[in-house]
Amino acid sequence: MPVSINGNGTISGVIVGGLPDGIVDADMLAANAVTSGKLASGVGGKVLQYKLTKKNDSASTSDSSTAGVEISSDFRITLIPTSATSIIYCQAFLSATVVSTATANYKIYRNTASDFSGSSTLIMPPSNISANTDGNMNFYADSGGFMAGLSVTAFETAGNTTARTYSPFWSTQTNTIYINKWSSSAYYSTSTFTVMEVAA
């Protein structure tokens with residue numbers, strides 16, 4: 001098929017692989033980044049950093065404070081953003097157990113220190129946070145109890161390029177809650193925590 005330049009500025013007749021090397025560069029690809037299954041203009045969507053950690057053993061808490069307590073220091077991830085405009089996306093995938101009648105609440109915090117001894121900020125808080133059932137995710141069980149995999153997510157704009165540490169927290173309205181096992185020594189499992197920096 002002959003190559004022809006059409007009156008509307010398009011070119012027809014070019015076969016796949018028929019363009020010379022270097023004609024499509026990284027800027028052109030970035031300008032047409034795939035976002036949510038659709039082509040979108042701009043350079044956003046590129047993953048700049050990806051950090052992942054795990055917890056193999058179990059943990060539990062009966063804490064009923066509004067702020068909650070850290071699930072485990074095993075989940076701490078320290079990240080230095082490459083740009084103040086980046087989006088920092090956090091996801092905890094927890095093998096969670098609530099026994100008896102209780103509500104478990106999960107939150108993701110950012111701290112200014114790697115050992116969480118600095119100032120903490122709740123990421124993506126709900127419009128109202130005044131009780132131990134307010135946060136990024138709630139998990140309720142009736143008298144029979146429940147065990148399930150939970151995805152707890154939150155994100156924020158980096159704001160600066162200063163090092164910060166992220167970690168998931170939890171609290172319970174009543175009783176005791178667990179991860180990575182049932183209340184007794186049974187049904188052992190694992191949980192993970194991920195922090196990504198994504199170009200805005």
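**Entry 1: salt bridges**

I looked up E70 and R76 and found that their side chains meet in a salt bridge at 2.8 Å, N to O. I counted as a salt bridge a side-chain nitrogen of Lys or Arg within 4 Å of a carboxyl oxygen of Asp or Glu. R76 counts as partly exposed, because its relative accessibility is 27%. For this class I used the following limits: buried is under 20% relative accessible area, exposed is over 50%, and partly exposed lies in between (1.4 Å probe, protein chains only).

I note that the model is predicted, that local features need pLDDT of at least 70 and side-chain atom pairs pLDDT 80 or more, while totals for chains, interfaces and linings use all residues. Residues are numbered from 1 along each chain as its sequence is written, and side-chain values use heavy atoms, with hydrogens and water left out.

I searched the whole structure and recorded five salt bridges. One of them joins the side chains of E156 and R110 at 2.7 Å, N to O. This pair links distant parts of the chain, with E156 in strand β13 (residues 146-157) and R110 in strand β10 (residues 102-111), 46 residues apart. Strands (E, at least two residues) and helices (H or I, at least four) are DSSP runs, numbered from the N terminus. E156 counts as buried because its relative accessibility is 13%.

I also noted that K55, D57 and D74 are joined into one network by salt bridges that share partners. Within it, the side chains of D57 and K55 meet at 2.7 Å, N to O. D57 is partly exposed, since its relative accessibility is 42%, whereas K55 is buried at 5%.

**Entry 2: T172**

I placed T172 in strand β14 (residues 164-172). Is T172 buried or exposed? T172 counts as buried, because its relative accessibility is 1%. Its side chain reaches the backbone oxygen of T174 at 2.5 Å. Leaving aside neighbours within four places in sequence, I listed the contacts of T172 (heavy atoms within 4.5 Å). They are T61, S62, D63, S64, A102, T103, N132 and I177.

**Entry 3: partners of strand β9**

I asked which strands pair with β9, taking two strands as paired if DSSP finds at least two bridges between them. Strand β9 (residues 87-98) runs antiparallel to β13, joined by twelve bridges; L94 has L150 of β13 as its bridge partner. With strand β16 (residues 191-198), β9 pairs in the antiparallel sense over seven bridges, and F93 stands opposite T192 there. Strand β15 (residues 177-179) is joined to β9 by three bridges, also antiparallel.

**Entry 4: surface and whole chain**

I located a nonpolar surface patch of about 310 Å², made by V47, Y50 and L52. Such patches take residues with over 30% relative accessible area and no salt bridge, nonpolar side chains (Val, Leu, Ile, Met, Phe, Trp, Tyr) being joined within 5 Å and like charges within 9 Å. Y50 lies in strand β5 (residues 47-55).

Buried residues make up 36% of its 200 residues. Of the contacts with a separation of 6 or more, 78% come from residues 24 or more positions apart. The chain exposes about 10800 Å², of which carbon and sulfur atoms supply 55%; accessible areas come from the Shrake-Rupley method with a 1.4 Å probe, and for residues only the protein chains shown count as cover.

Conventions: Polar contact = N/O pair within 3.5 Å; in protein donor to acceptor, adjacent residues only side chain to side chain.
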